[in-house]
Amino acid sequence: MLRYIVHRFLVMIPTLLAISFIVFVIIQLPPGDYLESYVAELQARGEGVDFDKVAFLREQYGLDQPFMVQYAKWVFGLLQGDLGYSFEFNLPVNAVVGDRLWLTALVSFATIIFTWIVAFPIGVYSATHQYSAADHSLTFIGFLGLATPNFLLALVLLYLANVWFGTSIGGLMDERFIDQPWTMEKMMSILAHLWIPVIVIGTSGTAGMIRRLRANLLDELQKQYVVTGRAKGLPPFKLLVKYPLRMSLNPFIADIGSLLPEIISGAAIVSVVLSLPTTGPMLLDALRSQDMYLAGSFLMFMALLTVLGVLVSDLLLAVLDPRIRLEGSAVK
Amino acid sequence: MTDRPMPDEARHYVAKGAFDPYGVDILTPEQERYYLASQWKLMWWKFKRHRIAVISGIILLIFYASILVSEVLAPYNQHTRHTDYLFVPPQAVHLFHDGSFVGPFVYGLKTNLNMDVLKWEYADDRSKVLPLRFFCMGDAYEFWGMIPGRFHLVCPPKGGQLFVLGTDRLGRDMLSRILYGARISLTIGLIGITVSFTLGIVIGGLAGYYGGWIDNITQRIIEVFRSFPHLPLWMALSAALPVTWSPLVIYFGITMILGLLDWTGLARAVRSKLLALREEDFCTAAQLMGASPKRIIGRHLMPSFMSHLIASATLSIPSMILGETALSFLGLGLRPPITSWGVLLNEAQNINVVALYPWLMLPVVPVIVVVLAFNFLGDGLRDAADPYK
């Protein structure tokens, strides 16, 4: 087991390095840099530009150095927890992002839990009542959730909550808690606001989860040991829970790897519509204004969250399934 | 079964009569047709039994046929502005006026500026009965941007307007814009899937056929790509497209971006299928006869898993359509004057729209229908892809 964990951690390192390189290439892609657009903006406003200052800033931020040097500096900064400097806000990125990273992780985590809670009973019911009316309608609703663009659903829910409850459900906490220290009340306020984004983001992933659980359980239910058990007179509920359900649980955990990128993608756009204090809206602004280090650290964080999620799911799988633990890799 | 010799005591029954080799094999014509059918024919039969998939296929065919003649189907040109008719709610098309049959017609529009809320209000003018015109000359357009024409399937009545799905903030007809938008939204998925299909087959094919270090490297690359959340990466890449590019070039840029991130799933499928198939006897036989890898992959291996690939490609088109919609909604994707469903939804960005002009959200209906149809079609294709099961 220990060997497997160490191996899994070692594999993660080159993956993260490659990801950081891709992120850095992408944030360097737009022609020009922030200082150039800044100068252009100043000139457009008819203000004088102090080119000495611009040159000083460029040297200060290392924008005049070759690509690889900039990349190396950035990565070493990341390792020490220094995310770089946000040009737009004129502050270190660390100070700008504040709680956003943790709130993003919180929203993603809550959504995964939500997806599980919803998908599990529905998937089991659909599999045990295959081709019944309820199976068909549940599958259809799942598909509908898959096909509806998240952002529009968020918009409509925002409107409905306004009409029915007369409250604004945008944001992730009451306004009076913003920038306040963490207290019990603030936590409760966040929990009260969390359910809308969680439902909206969860809709797209739930459908896929239901389908996979249903398919797995159906495969399992056709196997001979189930027939044997039934022939020997096991009660139906026990027959279902004892073996087939346990066998079909593996994908639930293995799927975190494919579910997480989906959820983080969904969260990015939903949080723009609902104006959540997470990474999504700020990433959008940073991309628009070419605030490269800010955008880079958000992209990096989202990728890191996914890699960590996959790691956790692999480790959990290894705990659950001795085949993986002993052979050192996932069984496909 | 083992090769161990049977002990002598194990006696078994031997039939006494002469063996007739044709005795067991008498097939009904029905069975014969089935056994002699080619693989593709079997798939078609199996697919036909999946009713929802067939219906979805027909719906998609209608959608794709409509983009060939969008200009003729749309009652107006997509850019025509009716400055007297801003934010008109959808108009109803009636058949009966005061109990007598008139044929399809609309009532005239009464406009009134409500000074309390500073909003134009529109009401039916029941004294004006305006029958629609069919197969008529209307707004000028350029067919596929080349051939000028004025012929429409249905035109607004003389002296009136026809806004079946309402108008937007510039007084442009929503129905026409949705019809024109279909051309962009539907093709973006097709071009994107072509890009990712090609990449997936080539890369997955190389990895699967050669194995070894090529396979290892490809696997690592795929892992890196898969651990990126797609949308933020799409956002970053499309934000990197220079603003100076023309809308058409941006369109191709976006399709490339959508395709470039999507190939990993296909490459994985190709690789695992190839790894399994290259151990088969027919593959060894071809190798011994001196066939080149290119010939073996293209001629012997590819046909045996093509059907699976087509099915999984169909299932990944919806995510591209949704991706484009999301990008354009955020203002990072396509830009006007190019019209796609996402660009249209960009107008429905805040809660005021939902409250005051809900018909601006209508472009989401075709998005949902198309995505659902592709999902059901893909399901049907996947079931049919293995007709022997």
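## A first look at chains A and B

In chain B, B:L113 stands opposite B:W120, a residue of strand β3(B). That pair is a handy place to start exploring this predicted model.

**The sheet of chain B**

Strand β2 of chain B covers residues 100–114 and runs antiparallel to β3(B), with 10 bridges joining the two. Both belong to an open sheet of three strands, in the order β1-β2-β3, and the pairing is antiparallel. Which strands stand at the edges? They are β1 (94–97) and β3 (119–131) of chain B; each has a single partner strand, so one side of each is left without a neighbour in the sheet. On average, neighbouring strands of this sheet are turned by 55 degrees against each other, direction ignored.

Turning to chain A, you will find two domains: domain 1 takes in 1–97 + 279–322, and domain 2 takes in 100–276. Their centres, taken over C-alpha atoms, are 31 Å apart. Where they meet, 19 residues of domain 1 of chain A are in contact with 20 residues of domain 2 of chain A. On the domain 1 side, α15 (279–288) and α16 (292–320) of chain A each supply at least two residues. The biggest share of that side comes from α16(A), with 11 residues.

**A closer look at α16(A)**

Helix α16(A) has 29 residues and reaches 42 Å from its first C-alpha to its last, close to the 42 Å expected at 1.5 Å a residue. Why can this helix be called largely enclosed by the rest of the structure? The reason is that 21 of the 29 residues of α16(A) are buried.

**Where chain A meets chain B**

Between the chains, 37 residues of chain A are in contact with 30 residues of chain B. On the side of chain A that touches chain B, the elements giving two or more residues are α1 (2–28), α7 (133–147), α8 (150–164), α14 (256–273), α15 and α16 of chain A.

| Domain 1 of chain A, touching domain 2 of chain A | 13 residues | five residues | one residue |

Terms used. Residues numbered from 1 in each chain as written. Chains lettered and ligands numbered in written order. Predicted model: local features only at pLDDT ≥ 70, side-chain atom pairs only at ≥ 80, totals over all residues. Domains from an automatic or database assignment. Contact = placed C-beta atoms within 7 Å. Helix = DSSP H or I, 4+ residues; strand = E, 2+ residues; numbered from the N terminus. Nonpolar A, V, L, I, M, F, W, Y, C, P; charged D, E, K, R; others polar. Expected span 1.5 Å × (residues − 1). Buried ≥ 20, exposed ≤ 12 C-beta atoms within 10 Å, placed from the backbone. Pairing = 2+ DSSP bridges. Axes fitted to C-alpha atoms, helices over the stretch in contact; angles between N-to-C directions.
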